[in-house]
Amino acid sequence: MKTFLLTVFVLVVLALHHDLWNWTNKSLVLGFIPVGLAYHIGYAFLASFTMAVLVRYAWPHDLERETMDLTAHHTDEDPRG
Amino acid sequence: MNPAIIVFIYLAIVLYIGIFAFRKGKESGEDFFLANRSLGPYVFLLSLFGTNMTAFAILGSSGLAYRQGIGVLGLMASSSAMVIPLTIFFIGTRLWALGKKHGHMTQVQFLRDRWEAGGIGTFISVLTAAMLVPYIIIGVMGGGQTLEAISTVNGRTWVSYEFGGALVAVVVMSYVFFGGMRGTAWVNTFQTVLFLCFGTLAFILLAQSIGGFGSIMQQLASNPRTASLLARDRMSAEEFFSYMFIPLSAIMFPHISIMCLTAERISHFRKTVIWYPLCIIAIWAPSVYLGVVGAALFPGLGPGESDDIIIRLLTANVGPLLSGILGAGIMACVMASDSQILALSTIFSEDLFAYYGGKERFSDRMQVWAGRLFIVLIALVSYWVALKLKDRAGIFELAIRFAFSGFAALSPIMLAALFWKRSTKWGALAAALWVTGCMGLNWYLQTISDPIAPRPPAPAVRPVVAQRDGTPALARSEPVNGPGATSSRATGAQQNAPAGGARPIKPVQIFPQYGDLFLRGPVNVTVYGFLPVFPMVIGSAVLMIVVSLLTPPPGQATIDKYFPPRRDAQQTGV
């Protein structure tokens, strides 16, 4: 279920990149930022949030464990670390 | 003061960083090519980001925004802000873990081992190396051009193209030669900080100098001929959609994937993928915005001229000190070719020299020296080509544009290798041959359609130099009309509309008997209006799947090595 929800979330965020509703909108936000520009600046923040969600809920812990074991194993073998 | 002095100081600093890294290094292949897989989280983030930034991030993006408007940010930057971190998250972390576990130092080492594919690995290695070469040549050319432009004061040029190109080639060669990956990563970190500081500083000083941007934007919006710059009237929806596939190329670039192997811990990827989108937007948003501001202050720039719009804005509105810092910032972008030179050297040393027996015969230390000699060779050949083909840079720019599509279309190979047990080397070969064939076809179609390419109207007005007194030139200039440049020093530039038009230029059919299958716009060939990258990625993925299902998989031992049962049971990722 978690995998499904995260997949849908990522697909929705990817779809939100195509803001067709702003295509010809020339209005200004705060009097100096075109709305299409403001949207895509905001989109980058959404992308950052999405990655934070993936890091929190889809992080490959198995790889982390494997490589930590590997590092510990090497440290045991090599007294210099 | 000649602004070139600041650039020389900058070059001296990066040279020192490379030599300092040399003193910290050891004479082993893993240390020279991968910094001993020991980069900390901040150096890893900044160097990975810096490696992926080119002159296009500042110069090309603003030049393109000058012609196409604010849509450039969504077209190229915000799509990258989402897709590149995703690929680093799903592919980069796994490449890192497998590299750590099995000792891989290149993509091809992994692919060879994963599919028991020696010769096919060599083919992919040579293909990716060939797609990387034009970047290095363009880097040397850009260095020469930038130093020549910056050092020209009152009509007198102090540093020639030839000397500037040689200087850039020698400096990059030296710190890569001595410092290897550690030196390159440190220099890239320094360059990224410089990008970010320069962008912020330039934006603030310009805003102060011209009295804020609000009035300029209002004037652009109120003029029907320039209002389209504030939206995406000049872009086609198909082109905008196609661009979402281009950032898939990032992780397939050898220098990016090799850089992914340098992190000390997998946890360093956490900060990287979260901060990466914000770093991209911090560089691109001011550049795109200033490109649009430039369209108001310097209307009517012709082909090629608009790529210098930020330089024009700064030199007209701020002093020589900042111009020098700007020059250093541009040099930092241009010199992003350092990691590409190192990647080529790593490919040569690991995929060819070591694989075909050099390591066994000559020792690890000799392998490092072979890699170093290769770095010198690449630098010398690049400089020679940059001199001989000085006036034919367009060929390399075109090659770079195709390479973006090519690397993006190779991404299904990597995804299959990492996530699909049943994938086979024959599927990978079919996909790689498809990519090679598509790039050849694209080149052919581009060449034969040049004579029929629709031309944008010539500029109606010449540049009007903005005043240092801060008076925006828009009020006293003609409306922006028609440059629609078709040239750009940048990679992947798409310019399908004239600056004065409110709609994209209608492309023409290359073969009328096939209808809209192959269309030619002012710059690109498209397939039913989509950029070639879209069908290339889809075709590559389909071939990877179909051919894999029709051919025998690798041996069970190899599959178990990369998909151990224990790991399968614990998999939690999406």
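This is a predicted model: local features need pLDDT of at least 70, side-chain atom pairs count only at pLDDT 80 or more; totals for chains, interfaces and linings use all residues.
The crossing is right-handed. Who makes the contact? On helix 19 of chain B, we have B:Trp426, B:Gly427, B:Ala428, B:Ala430, B:Ala431, B:Trp434, B:Val435 and B:Cys438. On helix 20 of chain B, we have B:Met536, B:Gly539, B:Ser540, B:Leu543, B:Met544, B:Val547 and B:Ser548. By class, that contact has 11 nonpolar residues, 4 polar residues and no charged ones.

Now a second pair in chain B. Helix 7 spans residues 118–150, and helix 16 spans residues 337–354. Their axes lie 9 Å apart, at an angle of about 150°. That makes helix 7 of chain B roughly antiparallel to helix 16 of chain B. Here the crossing is left-handed. From helix 7 of chain B come B:Ser125, B:Ala129, B:Leu132, B:Tyr135, B:Ile136 and B:Gly139. They meet B:Ser337, B:Gln340, B:Ile341, B:Ala343, B:Leu344, B:Ile347, B:Asp351 and B:Leu352 of helix 16 of chain B. The classes in this contact are 9 nonpolar, 4 polar and 1 charged.

Step back to chain B as a whole. Chain B has 22 helices and 5 strands. Of its 574 residues, 60% are buried. Take the contacts in chain B between residues at least 6 apart in sequence: 82% of them join residues at least 24 apart.

What about the core? The largest nonpolar core holds 195 residues. Within that core, B:Val288 and B:Ala428 have the most contacts. Helix 13 of chain B, residues 268–297, contributes the most to this core, with 19 residues. B:Ala428 we have already met, in the contact of helix 19 with helix 20 of chain B. Which residues does B:Ala428 touch, leaving out those up to four places away in sequence? They are B:Leu111, B:Trp115, B:Ala117, B:Ile120, B:Ile413 and B:Met544. B:Met544 belongs to helix 20 of chain B. There is also a second, separate core of 5 residues. Among them are B:Leu445, B:Phe518, B:Val525 and B:Val527.

Next, a loop residue. B:Pro454 sits in the loop between helix 19 and strand 3 of chain B, and that strand is 508–509. Is B:Pro454 buried or partly exposed? B:Pro454 has 16 other C-beta atoms within 10 Å, so it counts as partly exposed. Buried would take 20 or more. Leaving aside neighbours within four places in sequence, B:Pro454 is in contact with B:Ile505, B:Lys506, B:Pro507, B:Val508, B:Gly521 and B:Pro522.

Over to chain A. Chain A has 81 residues, and 26% of them are buried. Its secondary structure is 3 helices and 2 strands. From the N terminus, the order is α-β-β-α-α.

A:Thr50 is buried, because 25 C-beta neighbours lie inside 10 Å. Not counting residues up to four places away in sequence, A:Thr50 touches A:Val10 and A:Val13. A:Val10 is 40 residues from A:Thr50 along the chain, yet their C-alpha atoms are 7.2 Å apart.

Last, the interface. How many residues does each chain give to the contact? Chain A gives 37 residues and chain B gives 46. On the chain A side, the elements giving two or more residues are helix 1 (2–16), helix 2 (35–57) and helix 3 (61–77). Helix 2 of chain A gives the most, with 12 residues. By class, the side of chain A that touches chain B has 21 nonpolar, 12 polar and 4 charged residues.

Note on methods:
Residues are numbered from 1 along each chain as its sequence is written. Chains are lettered from A and ligands numbered from 1 in the order in which they are written. Two residues are in contact if their C-beta atoms, placed from the backbone, lie within 7 Å. Helices (H or I, at least four residues) and strands (E, at least two) are DSSP runs, numbered from the N terminus. Ala, Val, Leu, Ile, Met, Phe, Trp, Tyr, Cys and Pro count as nonpolar, Asp, Glu, Lys and Arg as charged, and the others, Gly among them, as polar. A residue is buried if 20 or more other C-beta atoms lie within 10 Å of its own, exposed if 12 or fewer, and partly exposed in between; C-beta atoms are placed from the backbone. A nonpolar core is a set of buried Ala, Val, Leu, Ile, Met, Phe, Trp, Tyr and Cys residues joined through C-beta atoms within 7 Å. A crossing is left-handed if the near helix is turned anticlockwise from the far one by less than a right angle, and right-handed if clockwise. Axes are lines fitted to C-alpha atoms, for helices over the stretch in contact, and angles run from 0 to 180 degrees between N-to-C directions. Angles under 35 degrees count as roughly parallel, over 145 as roughly antiparallel, 65 to 115 as roughly perpendicular and the rest as oblique.
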